[in-house]
Amino acid sequence: MSGMNYTTDLTSQSDADPNAVSIEQANERIHERLPMVSGTEYLPLHQCRGRYLNSALLSPMSSPPFRASAMDGFAFRAADGGDTRSVVGESFAGHPCSDILLPGECVRVTTGARVPNDADMVVQQENTSLSKTTLSIEKLPEALGHHIRGVGSDCQQGQCIAQAGTRINAGLIGLCSALGIDALEVKRKVRITLISTGDELKSPGDVLSSGQIYDSNTALLTALLDNPNFDVSVGARMQDNPASVNHALDQAISVSDVVITTGGVSVGEKDYLREVVDARGGVALWKVAMKPGRPLSFGVIDDKTPWFGLPGNPVSAALTTLLFVLPAIKHSLGLKQSPMRTLQARCSDNLKKLPGRVEFQRGYLSSLDNGEIVVSTTGLQDSHVLSSLANANCFIRLAMESSGANPGDLVTVIPYEFAQHTLA
Ligand code: AMP
Ligand code: MG
């Protein structure tokens, strides 16, 4: 255990804010007010991976559609008895032979070939020997139907193969193909506009003047929201004045289902977002008892478009995207929520924290040779520190009243992939 000591400033004994709501309450409040996104599109099957099925999918046919051999071998009638047969034909995959077999006869079959109707057994080639057209069966299959794939043994015609809302994966795409389905009706993409705010921001590639920094949230959140169900566009950056905020919001709501801004939601002199949204429908949520990400805000602009006011610091913006924006979008598509999956891991370091907020620290999760899962801190935890985010593959979740963790403690961990797959 390295026992590294990465502390935040622990000058007071509690980090509680009486006006902050819990993560669960915040999600509830968001979901209550969130307008639903409706609409579907038909897509060719090969474009459906990761999209959501609009309605339950019934199999249009039985698969396999005929009795097929599961082996290269010989098909015959078991009741004929004896361990020799005369080979009277061959059924190759795609080239069936006659269905009629007389007593004592057999046909050669290959894997995937249609088994003649009169045959009820297939013996694999390895258990036979052939002398001209006489087949000697050295070992009989255990039972009737052995090595024969029955009609509909994968899927029966009319069977439900996927429920409405299923996220389409490669396996389902394969199954659809086997059933002759070449297009699916999926839920339409959610149009998201991402806007950064702040007079200090410049785009990467531009030259910085004194007091300026590069906008990292736009690229960071674009990457986090890279999902086949989203259509993400980047709106013009807002300057720190109400006119610019209103103008950017007007443009965004005219083309989006969801607007996400970063920055401008704290208590600073130049934080105008909440004021503007309050005047245009109301801020339904501000402040969640978590760290980082406390200033998270949510409202519905002009009674129409949901707005997520994410905190400006990049790590806070990333975390609140995972914990609130992704579940909300899933909700707005009418999909069932599943709790975020977590792991328990043995902590390698000393993690400091004050009671009063749930804290998410950036960590690195790995497995030891003995199979134990361990997690270590990736360094400084301040919410502007991107290096410890870039080196992390998980968040360590420390409970509201916890005051940290010691080396050897079991801690709850949310791997990035789990967080991003909230939408799965
Ligand atoms: P604010 O809430 O607007 O005061 O922002 C909080 C902190 O996050 C400030 O240090 C901002 O400079 C910083 N910040 C805001 N937006 C961004 C952004 N898009 N990229 C990087 N840092 C940002
Ligand atoms: Mg700002």
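Mentor: We will take the cavity, then a domain interface. This is a predicted model, where local features need pLDDT of at least 70, side-chain atom pairs count only at pLDDT 80 or more, and totals for chains, interfaces and linings use all residues. Residues are numbered from 1 along each chain as its sequence is written, and side-chain values use heavy atoms, with hydrogens and water left out.

Trainee: How many cavities of 30 Å³ or more are there?

Mentor: Rolling a probe the size of a water molecule over the atoms shows where empty space is left. Here the count is one. A cavity is a set of points, on a 1 Å grid over the protein atoms alone, where a 1.4 Å probe fits but cannot get out.

Trainee: Which residues line the largest cavity?

Mentor: Its lining (residues with an atom within 4 Å of a point) is Lys291, Pro292, Glu359, Phe360, Gln361, Arg362 and Gln381. Strand β25 (residues 358-367) gives the most, four residues; a strand is a DSSP run of E, at least two residues.

Trainee: How much area is buried between domain 1 and domain 4?

Mentor: Buried area is the accessible area (1.4 Å probe) that two parts lose on being put together, summed over both. Here it is about 1,900 Å², with 65% from carbon and sulfur atoms. On the domain 1 side, Asp15, Lys291 and Val315 lose the most area to domain 4.

Trainee: Which side chain meets Asp15 in a salt bridge?

Mentor: That of Arg357, at 2.9 Å, N to O. A salt bridge needs a side-chain nitrogen of Lys or Arg within 4 Å of a carboxyl oxygen of Asp or Glu.

Notes
Chains lettered and ligands numbered in written order. 1 Å grid on protein atoms, 1.4 Å probe; cavity = no way out; pocket = protein on both sides within 12 Å on 5 of 7 lines; lining within 4 Å. Points joined across faces, edges and corners; volume = space filled by probe spheres on them.
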